Amino acid sequence: MSSIPIRTADASDAAQILLNTIRRPVIMVDPEGYISFANADAEDFFRSSAPVLRRSTLSKLIPFGSPLLALVDQVRERRAPVNEYRVDISSPRLGIEKMVDLYAAPVPEFPGSVVVMFQERSMADKIDRQMTHRGAARSVTGLAAMLAHEIKNPLSGIRGAAQLLEQSASDEDRALTRLITEETDRIVALVDRMEVFSDERPIDRYPVNIHVVLDRVKAIAKNGFARGITIIEDYDPSLPPVYGNRDQLIQVFLNLIKNAAEAVGSDPLGEIMLTTAFRPGIRMSVPGTQERVSLPLEFCVRDNGPGVAEDLLPILFDPFITTKTNGSGLGLPLVAKIVGEHGGIVECDSNSRGTTFRVLMPAWKETVPDEPIPDQGNAR
């Protein structure tokens, strides 16, 4: 692989040195489709040195008909950056099961040129994260149905028997019967939470003002589990409505903010930030079709807690994964299920300085058939 010596006076060399430190493959494609620049990670990614890459067109390096070529053309035409999620560029040259996220942007200083950054995804990542970990959420569907039928009915009998025994029991035994009753109620509550996963009915969706949802969730949080924690808002007031279900979206952000509040804990400097933004370039594929759905609405819940352990990040949305002493590990899988059924995706980025949960959702379009819209209160 080629290397470039550091020369302080040469700005172009400094720029390449800087790009070589980015641990993502980065290339620049000129107006004729040739690779005019490649950083060190791009050399590894394409298995060729920078001089070889500069003699090649992008179309020769990736599979025929790859969405990447259309993406580059789209960026040239729109003169605006675009993100593309989960693009399959598998080939004998690049390797089998090569799945990447792409970021492409125009380079104003070089008209017609486009810079592309690749973020690799493994095949397991493709399967697990496609449509928001929906498979992980559904993995408890059968278990929930079985528990509801096979456990709740006997538990009601056990609870009734304990209450009858309590009437004639001594004070010492009465404490044991109350323990049986309380533990029975706790198990029933857990089964009730799991039953949500077996609900496969279509969602009643309509245009929802996300800021009304977030205001409601913030009010609940500030008067309960997030009392004393600073909650900062950074909203884009011009956002179009999200196409979703108001009550289910409240549940999503209530779970995420509760998770953030527990991460912050009693830290006097702890804070939670809620942000909304419009990201028109973000799209994702629909399994089994060639369709790519636009997800322009981005809603984030950030906290400045200690972060999530690195080994937990890949399985964070799986059922029963929790670091809390009394946690059930069903809150985030429920978030994944609801967001997935809305046609969106949820992701988590975390480090020692904090955690960000990012929810990407489709916007409501006028072409959607009119449906009754529940009263949502006054919009922001």
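Start with isoleucine 22, which is partly exposed at a relative accessible area of 30%. Bear in mind that this is a predicted model. Isoleucine 22 sits in the loop between α1 (11-20) and β1 (26-29). Together with Tyr103 and Met117, Ile22 makes a nonpolar surface patch of about 210 Å².

Now for the overall picture. The protein has 380 residues, and 43% of them count as buried. You'll find 13 helices and 14 strands. The accessible surface comes to about 20,000 Å², with 54% of that belonging to carbon and sulfur atoms. If you take the contacts with a separation of 6 or more, 65% are between residues 24 or more positions apart.

**Inside the protein**

Which residues touch the most other members of the largest nonpolar core? They are Ile210, Phe253, Leu256, Ile272 and Phe299, out of 42 residues in that core. Elements giving two or more residues to this core include the helices α11 (210-222), α12 (246-264) and α13 (331-341), along with strands such as β9 (271-278) and β12 (297-303). The largest share, 10 residues, comes from α12. There is also a second, separate core of 25 residues, and Ile27, Ala42, Leu71 and Val82 are among them.

Leaving aside neighbours within four places in sequence, isoleucine 210 is in contact with Leu239, Val242, Leu249, Phe253, Thr276 and Phe299.

Ile210 is also one of the buried residues of α11, a list that runs on through His211, Val212, Val213, Leu214, Val217 and Ala221. What covers these buried residues includes β6, β7 (230-234), β8 (242-244), α12, β9 and β12. The helix length checks out too: at 1.5 Å a residue, the 13 residues of α11 should span 18 Å, and the end C-alpha atoms are 18 Å apart, which agrees.

**Charged pairs**

Side chains of opposite charge can pair when their charged atoms come close.

| Pair | N to O distance |
|---|---|
| Arginine 159 and aspartate 185 | 2.6 Å |
| Arginine 358 and glutamate 298 | 3.4 Å |
| Lysine 337 and glutamate 341 | 2.8 Å |

Take the salt bridge between arginine 159 and aspartate 185. Arginine 159 is in helix α9 (residues 152-168) and aspartate 185 is in helix α10 (residues 171-195), so the pair ties together parts 26 residues apart in sequence. Arginine 159 counts as partly exposed at 27% relative accessibility, and aspartate 185 is partly exposed as well, with a relative accessible area of 33%.

Are arginine 358 and glutamate 298 buried or exposed? Both are buried. Arginine 358 and glutamate 298 meet in a salt bridge. This pair links distant parts of the chain, with arginine 358 in strand β14 and glutamate 298 in strand β12, 60 residues apart. Asp349 joins in as well: Glu298, Asp349 and Arg358 are linked in a network of salt bridges.

Lysine 337 and glutamate 341 are four residues apart in helix α13, so about one helical turn separates them. An α-helix has 3.6 residues a turn, so residues three or four places apart point the same way. Lysine 337 counts as buried at 6% relative accessibility, whereas glutamate 341 is partly exposed, with a relative accessible area of 22%. The cut-off matters for that last one, because buried means under 20%.

Technical notes. Residues are numbered from 1 along each chain as its sequence is written. This is a predicted model: local features need pLDDT of at least 70, side-chain atom pairs count only at pLDDT 80 or more; totals for chains, interfaces and linings use all residues. Side-chain values use heavy atoms; hydrogens and water are left out. A nonpolar core is a set of buried Ala, Val, Leu, Ile, Met, Phe, Trp, Tyr and Cys residues joined through side-chain atoms within 4.5 Å. Buried means under 20% relative accessible area, exposed over 50%, partly exposed in between (1.4 Å probe, protein chains only). Contact means heavy atoms within 4.5 Å. Patches are made of residues with over 30% relative accessible area and no salt bridge: like charges are joined within 9 Å, nonpolar side chains (Val, Leu, Ile, Met, Phe, Trp, Tyr) within 5 Å. Accessible areas come from the Shrake-Rupley method with a 1.4 Å probe; for residues, only the protein chains shown count as cover. A salt bridge is a side-chain nitrogen of Lys or Arg within 4 Å of a carboxyl oxygen of Asp or Glu. The expected span of a helix is 1.5 Å times one less than its number of residues.
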